[in-house]
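Thanks for coming, everyone. I have a few features to walk through, so let me put the structure up.

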Amino acid sequence: MRSPQRLRRAAAALTALALPLLALTGLSPTAAHAAPPAPAGSSTSLPGDVTATSALERITGFGSNPGALTMYRHLPDGLASGSPVVLVLHGCTQDAAGYVAGSGWAEYADARGFALVAAQQETVNNSSRCFNWFEPGDTSRGRGEVLSLRQMVAHTVDAAGADPSRVFVAGFSAGGAMASSVLAAYPDVFAGGAVLAGVPHGCATNMVEAFGCMNPGETRSADAWGDLVRAENPGYTGPWPTVSVWHGTSDTTVRPVNATESVKQWTDVHGTDASPDSSTSLPGGVTRTTYDGPSGTVVHRYTATGMGHAVPVRPAEGCGASGSYFADVLCSTSAITTDWGLGTTEPGDPGDPGDPDPGDPTCVTASNYAHTTAGRAVVSYGYTYAVGSGDALGLWNTYTHTSLAETSPGWYERVASC
């Protein structure tokens, strides 16, 4: 149990931390706070007056839970044994149901076939519901909140018969900072992670330092950042999780320099440098930069031009809901899971798990962006062409959808529909 003194200290610290967060985002307290937690199967009111049904089931008894967190879970109908597990972590003032609905994680769990775990911070631990990313007692292996999170995924691996080698974590803001710490504390458990508008692991060890990490940001050498990760598991030599880092260029809450420092941290851990190996322009003013190690890409960096402190979503494509802390830019949930190798099926596409008539398994209808990331098409001067046949598919973006049939291995032809 947490001591009353620690609870009072954490509550007072993050009450103060929430005030500059609201001021820097320019939001009123009413607009910035997400809806209160909703029971499974009920509706939760999202920022921007968007209503979504919670797909989450509350799970108790998942372990000793030293961080006193709440666990929710979504297991898609017909989920196969050996499927991956994804843990998601909300930001300050949010809750699990609102974050999952706002970012589209449940729909992608259904479409791409993975178990979804959504952890929730409680006000007894932190008055603004921030994960305590600046408390060493909550970010070190075998302690506090990171141990609770480890117990959540272990419980799900057992309950769903999931693949323990394909466990991933993604988080936004305070949840992004905590995602980085989860990866540092348990590199032997998590195969990959996504840090959205977060900070490097170990940037702060108290509330005062946390302010500086958020804004203006902390700059250190790559090996200094890497040492903070290696110190969590002395003697561990890998494998290390792959990491994607997301940030808006206009984020005044958590400054974009944190993305640069996170890239330095995780490339150093992987034993490579922070010099980009490739750069690609994506729809929505997003640039994807990759950093490669001996066996492939180890870090992806996504930079959203003009975006503030938010999760990139794309409601028109069935990806989340726009509103406070959710920006209609690009579907980050799709890109993140694609980077992890969790498939390319979009919500509503033929072949979704549980679809009684998935259609021709060699035919796929998806956005031109999804076709290229899956290797079914290539891009040339902003236009997309099918691999093999060279059929023109139109503009390379997430809005244009086309159907491709694999008529022979690695040979795709455009068809009217699947």
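At what angle do helix α9 and helix α10 pack, and how far apart are their axes? Before I answer, keep in mind that this is a predicted model. The angle between α9, residues 222–230, and α10, residues 257–269, is about 65 degrees. Their axes are 8 Å apart. That makes α9 roughly perpendicular to α10, because angles of 65 to 115 degrees count as such. The crossing of these two helices is right-handed.

Who makes the contact? From α9 we have A222, D223, W225, G226, L228, V229 and R230. They meet E261, K264, Q265, W266, D268 and V269 of α10. Sort the residues of this contact by type and you get 6 nonpolar, 2 polar and 5 charged.

Next, another helix pair. Helix α4 covers residues 105–112, and helix α11 covers residues 332–339. They pack at about 40 degrees, and 10 Å separates their axes. That makes α4 oblique to α11. The crossing of α4 and α11 is right-handed.

Which residues of α4 and α11 make this contact? On the α4 side, look for W105, Y108 and R112. On the α11 side, look for T333, S334, I336, T337 and T338. By type, the contact of α4 with α11 has 3 nonpolar residues, 4 polar and 1 charged.

Now the strands. Here is an open sheet of 3 strands, in the order β15-β19-β20. The pairing is antiparallel. Which strands sit at the edges? Those are β15, at 363–367, and β20, at 411–415. Each of them pairs on one side only. From one strand to the next, the twist averages 35 degrees.

For a landmark, find V364: L404 in β19 stands opposite.

Last topic, the disulfides. How many does the structure hold? There are 4. I'll take one of them, C92 to C130, with an S to S distance of 2.0 Å. The torsion about its S-S bond is about 125 degrees, so this disulfide is right-handed.

And where do the two cysteines lie? C92 is in the loop between β5 (85–89) and α3 (96–103). C130 is in the loop between β6 (115–120) and α5 (136–139). So the pair ties together parts that are 38 residues apart in sequence.

That's my tour. Over to you.

Notes: Residues are numbered from 1 along each chain as its sequence is written. This is a predicted model: local features need pLDDT of at least 70, side-chain atom pairs count only at pLDDT 80 or more; totals for chains, interfaces and linings use all residues. Side-chain values use heavy atoms; hydrogens and water are left out. Axes are lines fitted to C-alpha atoms, for helices over the stretch in contact, and angles run from 0 to 180 degrees between N-to-C directions. Helices (H or I, at least four residues) and strands (E, at least two) are DSSP runs, numbered from the N terminus. Angles under 35 degrees count as roughly parallel, over 145 as roughly antiparallel, 65 to 115 as roughly perpendicular and the rest as oblique. A crossing is left-handed if the near helix is turned anticlockwise from the far one by less than a right angle, and right-handed if clockwise. Contact means heavy atoms within 4.5 Å. Ala, Val, Leu, Ile, Met, Phe, Trp, Tyr, Cys and Pro count as nonpolar, Asp, Glu, Lys and Arg as charged, and the others, Gly among them, as polar. Two strands pair if DSSP finds at least two bridges between them. A disulfide is a pair of cysteine sulfur atoms within 2.5 Å.
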